[in-house]
Each structure stands twice: as structure tokens, then as C-alpha cells.
Amino acid sequence: MANRIVLNTVSYHGKGAIAEIPGIAKRENFTKVFICSDPDLVKFGVTAKVTDLLEKEGIAYELFSGIKPNPTVENVVEGVEAYKKAGADSIIAIGGGSSMDTAKAIGIIITNPEFADVRSLEGVAPTKNHAVKTIAVPTTAGTAAEVTINYVITDVQKQRKFVCVDEHDIPAYAVIDPDMMSSMPKGLTAATGMDALTHAIEGYTTKGAWELTDMFHLKAIQLIADNLRKAVENDPEGREKMALAQYIAGMGFSNVGLGIDHSMAHTLSAHYDTPHGVACAMFLPISMEYNRDYTGEKYREIARAFHVEGVDNMSQEEYRDAAIAAVRKLSKDVGIPEKNEKIKEEDLSQLADDALADACCPGNPREATKSDVLAMFRKLM
């Protein structure tokens, strides 16, 4: 069986990278760009960093900003109608995972109208055409949605999130400019950074992992271990390194999948509106503990990436403990809570069922049972 890698056609990295956007639009002959962003980014002038460049070059655009932190089926439907009404021929997604996931779903439905029912995109949908040509500009260092073939939509009616996996949805261009992330507050920097670490660790230990993705994930783990604390304190170098780290993690996990941590995090977010990165971070030491005996020697390399001393002289039990402890300490240092008081005993059975049905679950290195998942949810209570 062949291992597949799907990445952006082109990506730009570094301070000032957004200056490349008008040139891309002109080379692609975009006539009207549909901007997907969220209300806060518009309010605080972050979106304007890109739209000002478009205006200066005379490139027409329409702004769509009615996107929720956990984008819903309704968000996507509204976006599709707004895209059509605007007469657009391209998309620029500016924001975190919410903006980019919404843009991906819109772009896919526009070119594959037979999937107008957003729920029909769940799982691996057999779309035939690539999404509308999209430029993705992340404003958080975590989701890596700009380089992944995945997106997540919330079904409010059923209180669940569903994952869509489609190589046709990947943005043609990614523009990773740390200046676009400089306005992130501490809490969001911490949560999105821990989301990136979860991507890297789950991608490194998933059933589909192989040498090329291992290379991406280990480098991402090391960069996050070295720079997340600094980024939370708004250190410019820390932010720039985190922007790179989360992208590298995305290059890996997008192609090999994730695991039970993301399955439970999706469920926690859907039921209690817990921010995705916080949910992932809270479960990370718990899921690592659960998977420890199914990871071979990989926790040794995780511990090494965290610069744990004496790893080569440790037993397997010791370096696994050390890796989990290093992750738990980083999470605590950046202010991630260890408990979620919203979880109710009467909700647990449904939470476990939803997690086991999540598209990320099959990639977990250890086959999860309902009793196992219930026990992990209880550890957060």
C-alpha cells in the first residue's frame, strides 16, 4: 500500500508574507475574492491587514464574517449563498480553524453542488472537483487548517461535530505570517499551541504514521517544546517559531490521521462549547497515558524533543513517564486547566458514544472501548 502526501501547491512563510497575496491574486486572474473571516478579526483590524493590500492593488472582494468559533452547518449554508450572491471566483480565508474550515466547506460545495447538504460531506466524501481556489492566511498557531485536507463542522441539532476528509479541499496557497498572529491573547496562544502539540504527538503515534510524517511530527514537537512558553509571553521569535511548528505538524497529521484525543475533544466542544485547543490539551496527558503501551519507543523521542535529561539511560517505563510529565508541565505552565466542571454524569454515555463514532478514533494506536473512553472523560470531572 502506498503512503500518500498531500500539501499546498505553494506556501509562503515569515514576517511580511501577506505582501505576496495581491501578486497571487493577479497571477491567478481573480476577479472577485470572497473573504472568509470572523467578527473579532474584523473588529480589531486583523482582517484589514489583508483587505488593505487588496484595495491598494484594485482587487475586488466581498467580506463574509458571520462565522462562529465552532462553525455550524448553518454557517456554511449562509456562506455558500453569500459566495454565489457576490459573484466571486476565489476565496481568501483569514483566521483560525473556524474561518478556514468554513471556507473549505464553502469552496467544496460551490464546485460540487451535489453536496449542498453539508452533512453529506462527513467522513471521506466522493467529491469529483477541487474546491474553489483558496488562499489560507492563519491568525492562530495551532490548527494548521491551511495545510490540511480536513475540516470540522458542528451539527447544532445533534450536538456533535463531524470531521470531513477530502484531498480536494486543501487551499492552493498558504500564507503563514507571524505578524497576523501577534494580536492573539495569552489564552488563545496557549490553547492553539497545545492543539498543535496534540496534532504532532497524535500524528507521530497514530496507526498510519511512517518515516516522512515522523520527521515532520518530531520537529514540530521540538519547536513547540522550545517556543510555546515564549509565544504565550508574546516573544516575537517564539511566535514565529510556533507559526512554523503548527504548519509542520499539519503537514504530517493531515496525511496520517489523529486519535482518541481529538475524538474526545471534538465531543467535548460540541456538547459544552469548550474551545477546541483547550479540550485537546486537557486530554493530551490522559490520552498519552492510555496509549503508552502501544507506542513502541516513540515516547523516548518525545522526551528527547522536550530535552529531558538522561533519556538514553532510562527504561521504557521511565521514558514514557518522562514524556507524559513533560507534556503535562508544558500544559500547566501555559495555563491550561486540568478539569472541566461542565461535564455531567448523565452526559457521559452519549459523550463516549460520540467520541467512538468520531472520524479520528480509528487512527488511535490502541483500540478504544466505551469503558475506556468513559474512564478518560471521568478524569476531567
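Figure 1. Helix 7 covers residues 211–232, and at 1.5 Å a residue its 22 residues should span 32 Å; the end C-alpha atoms sit 31 Å apart, which agrees. (The expected span is 1.5 Å times one less than the number of residues; helices are DSSP runs of H or I with at least four residues, strands are runs of E with at least two, and both are numbered from the N terminus.) At aspartate 226, helix 7 bends by about 40°. That bend is the angle between two axes, one fitted to the seven residues ending there and one to the seven starting there. After helix 7 comes asparagine 234, with a positive phi near 65°.

A word on the model: this one is predicted, so local features need pLDDT of at least 70 and side-chain atom pairs count only at pLDDT 80 or more, while totals for chains, interfaces and linings use all residues. Residues are numbered from 1 along each chain as its sequence is written, and side-chain values use heavy atoms, leaving out hydrogens and water.

**Figure 2. A stacked pair of phenylalanines.** Searching the whole structure turns up three aromatic pairs. One of them joins phenylalanine 34 and phenylalanine 64, stacked at 5.6 Å centre to centre with 20° between the planes. (Rings of Phe, Tyr and Trp, for Trp the six-membered one, pair if their centres lie within 6.5 Å; planes under 30 degrees apart are stacked, over 60 edge-to-face, the rest tilted.) Phenylalanine 34 belongs to strand 2 (residues 32–36) and phenylalanine 64 to strand 3 (residues 60–64), so the pair ties together parts 30 residues apart in sequence. Phenylalanine 34 is buried at 0% relative accessibility, and phenylalanine 64 is buried at 9%. (Buried means under 20% relative accessible area, exposed over 50%, partly exposed in between, using a 1.4 Å probe and protein chains only.) Ring pairs also bring in Tyr83, making a cluster with Phe34 and Phe64.

**Figure 3. An edge-to-face pair.** The ring centres of phenylalanine 283 and phenylalanine 377 are 5.3 Å apart and the planes meet at 90°, so this pair is edge-to-face. Phenylalanine 283 is in helix 10 (residues 276–291) and phenylalanine 377 in helix 14 (residues 370–378), 94 residues apart.

**Figure 4. Cysteines without a partner.** How many disulfides does the rule (cysteine sulfur atoms within 2.5 Å) give? The count is zero. For cysteine 36, the closest cysteine sulfur is in cysteine 164, 15 Å away and too far for a bond. Cysteine 280 has its closest one in cysteine 360, at 8.7 Å, again too far.

Methods: Disulfide = S-S within 2.5 Å.
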